[in-house]
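Here are some notes to read with the model open beside you.

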Amino acid sequence: MDFDDRTTGRAESVRARYVLGCDGANSLVRGAIGGRMQDLRFDQRWLVADIATTADLGHWEGVQQICDPSRAATFMRVGRTRYRWEFRLHPAETATDYRDLLQLRPLLAPWLDEAAYERSELVRVAEYTFRAQLADRWRSGRVFLLGDAAHLTPPFIGQGMGAGLRDAANLSWKLAGVLRGELSEGVLDTYEAERKPHPRAMIRLAKFTGLTMTEGGELGNRLRNLIAPRLRVVPGLTGMVTSGESPPLRRSSLVEAPRMRRGLTGRLVPNDRLADGRRVDDVVIGRYAIITTAELSPGDQAIVKQRGGVVLRPEPHTDLCRWIRRGHVSALLVRPDGIVQSCRGSLPALCASLPRFAPSIPRTRAS
């Protein structure tokens with residue numbers, strides 16, 4: 001690959017077996033492989049302002065979504081003394097209209113009283129255009145797209161960065177296995193197939209959330225005031241909205257899901273706390289694992305260990321044990337990214353299907 005070094009200005013050349021294009025919305029790598037962004041029809045300009053203050057604002061510190069058709073807004077705490085506000089800009093407005101705290105004061109008034117305002121400092125202010133886009137191709141040969149180079153999600157459900165982390169978590173262990181000769185190069189074909197449906201679904205949900213915050217004029221505002229306070233009594237809705245569970249992956253060569261009933265296959269294993277105080281991630285992520293509620297024979301344990309895997313047997317009455325039993329299984333084959341690859345067949349058969357795979361470090365997941 002040829003490129004110009006931005007530090008020295010000199011032309012340089014680098015040889016690599018694979019290239020990961022994590023170079024943002026205006027990706028040069030995407031252009032180089034002939035990829036184009038598909039417009040999913042969402043385009044809004046927003047102002048983002050970060051304020052530092054030691055004052056107690058006296059507000060709930062979760063993410064606040066202000067459903068105001070005249071000025072939709074978001075408020076959240078992003079640090080010990082740092083807060084972030086996002087305001088939808090009107091057509092004639094730009095970030096230059098809000099360059100200092102004095103200009104921002106009318107927007108911040110619902111959160112900052114006079115005392116808090118006097119103790120506040122503007123850290124940054126910027127204008128962002130929130131878009132909904134999905135690349136038509138995520139790979140060309142040995143070149144892959146990840147993160148904003150592959151998808152742009154409106155921020156209303158906080159999934160933009162999470163989607164990029166999921167891309168990396170899905171692809172990195174597969175590349176490591178291919179480079180070490182432990183996995184066939186064909187496993188790389190599962191990257192786009194597994195990942196692309198997820199950001200598409202998240203983009204649709206984010207668009208819906210954004211539109212419900214801002215559209216409908218005065219009638220929409222009245223409907224929101226009438227319906228929103230009553231949504232909490234709808235059975236199952238609160239759990240669905242507040243759930244942080246990743247959507248299950250579709251069937252692939254690395255997701256051995258039954259065609260008629262999915263069960264736990266393709267799902268991310270809960271990061272439960274174990275009896276010794278560690279989390280599941282501390283033990284599992286980065287290597288293949290057998291998670292089982294049954295006892296393994298010494299022979300099966302030896303197979304797992306020889307192939308670089310790990311065995312995890314959760315304690316009874318733990319959340320992880322209950323999660324497995326709700327799936328009507330007793331054992332899982334779990335991939336290095338924490339996804340259940342298979343729960344079909346006997347425990348010895350699952351152990352025998354474990355590929356040879358050296359642990360990858362660092363071990364992290366995208367939840």
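1. Let's start with a charged pair. Arginine 131 and aspartate 43 meet through their side chains in a salt bridge, at 3.4 Å from N to O. Arginine 131 belongs to strand β8 (residues 120-135) and aspartate 43 to strand β4 (residues 37-53), so this pair ties together parts that are 88 residues apart in sequence. Arginine 131 counts as partly exposed, because its relative accessibility is 35%, while aspartate 43, at 51%, counts as exposed. Please keep in mind that this is a predicted model.

2. Strands β4 and β8 supply another pair: arginine 45 in β4 and glutamate 127 in β8 are 82 residues apart and link distant parts of the chain. Arginine 45 is partly exposed at 21% relative accessibility, and glutamate 127 is partly exposed at 32%.

3. Is aspartate 50 buried or exposed? Aspartate 50 is buried, because its relative accessible area is 0%. Aspartate 50 forms a salt bridge with arginine 82, with 2.7 Å between the closest N and O atoms. Aspartate 50 sits in strand β4 and arginine 82 in strand β7 (residues 82-88), so parts that are 32 residues apart in sequence are tied together by the pair. Arginine 82, at 30% relative accessibility, is partly exposed. A network of salt bridges links Asp50, Arg82, Arg84 and Arg124. How many salt bridges does the structure hold? The count is 18.

4. Next, helix α5, which spans residues 190-195 and includes threonine 190. Threonine 190 counts as buried, because its relative accessibility is 5%. The side chain of threonine 190 makes a polar contact of 2.7 Å with the side chain of lysine 174. Beyond neighbours within four places in sequence, threonine 190 touches Lys174, Ser252, Ser253 and Leu254.

5. Arginine 195 is also found in helix α5. With a relative accessible area of 3%, arginine 195 is buried. A polar atom of the arginine 195 side chain lies 3.2 Å from the backbone oxygen of alanine 163. If neighbours within four places in sequence are set aside, the contacts of arginine 195 are Trp138, Ala163, Arg166, Asp167 and Asn170.

6. Which residues of helix α11 (residues 319-326) are buried? They are Leu320, Cys321, Trp323 and Ile324. Viewed down the axis of α11, these buried residues fall within an arc of 160°, so they line one face of the helix. Their cover includes α9 (280-283) along with the strands β12 (289-292), β13 (310-312), β14 (331-334) and β15 (340-342).

7. Two histidines are worth a look in the loops on either side of α11. Histidine 317, in the loop between β13 and α11, has a positive phi of about 70° although it is not a glycine. Histidine 328, in the loop between α11 and β14, has a positive phi of about 60°, and it is not a glycine either. Histidine 317 is exposed at 66% relative accessibility, and histidine 328 is exposed at 68%.

8. Finally, the cysteines. A disulfide is a covalent bond between the sulfur atoms of two cysteines. The structure holds zero disulfides. Cysteine 321 is buried, with a relative accessible area of 2%, whereas cysteine 22 is exposed, at 55% relative accessibility.

Definitions and conventions
Residues numbered from 1 in each chain as written. Predicted model: local features only at pLDDT ≥ 70, side-chain atom pairs only at ≥ 80, totals over all residues. Heavy atoms only, no water. Helix = DSSP H or I, 4+ residues; strand = E, 2+ residues; numbered from the N terminus. Buried < 20%, exposed > 50% of the residue type's maximum accessible area, 1.4 Å probe, protein only. Polar contact = N/O pair within 3.5 Å; in protein donor to acceptor, adjacent residues only side chain to side chain. Contact = heavy atoms within 4.5 Å. Arc of directions from axis to C-beta. Disulfide = S-S within 2.5 Å. Salt bridge = Lys/Arg side-chain N within 4 Å of Asp/Glu carboxyl O.
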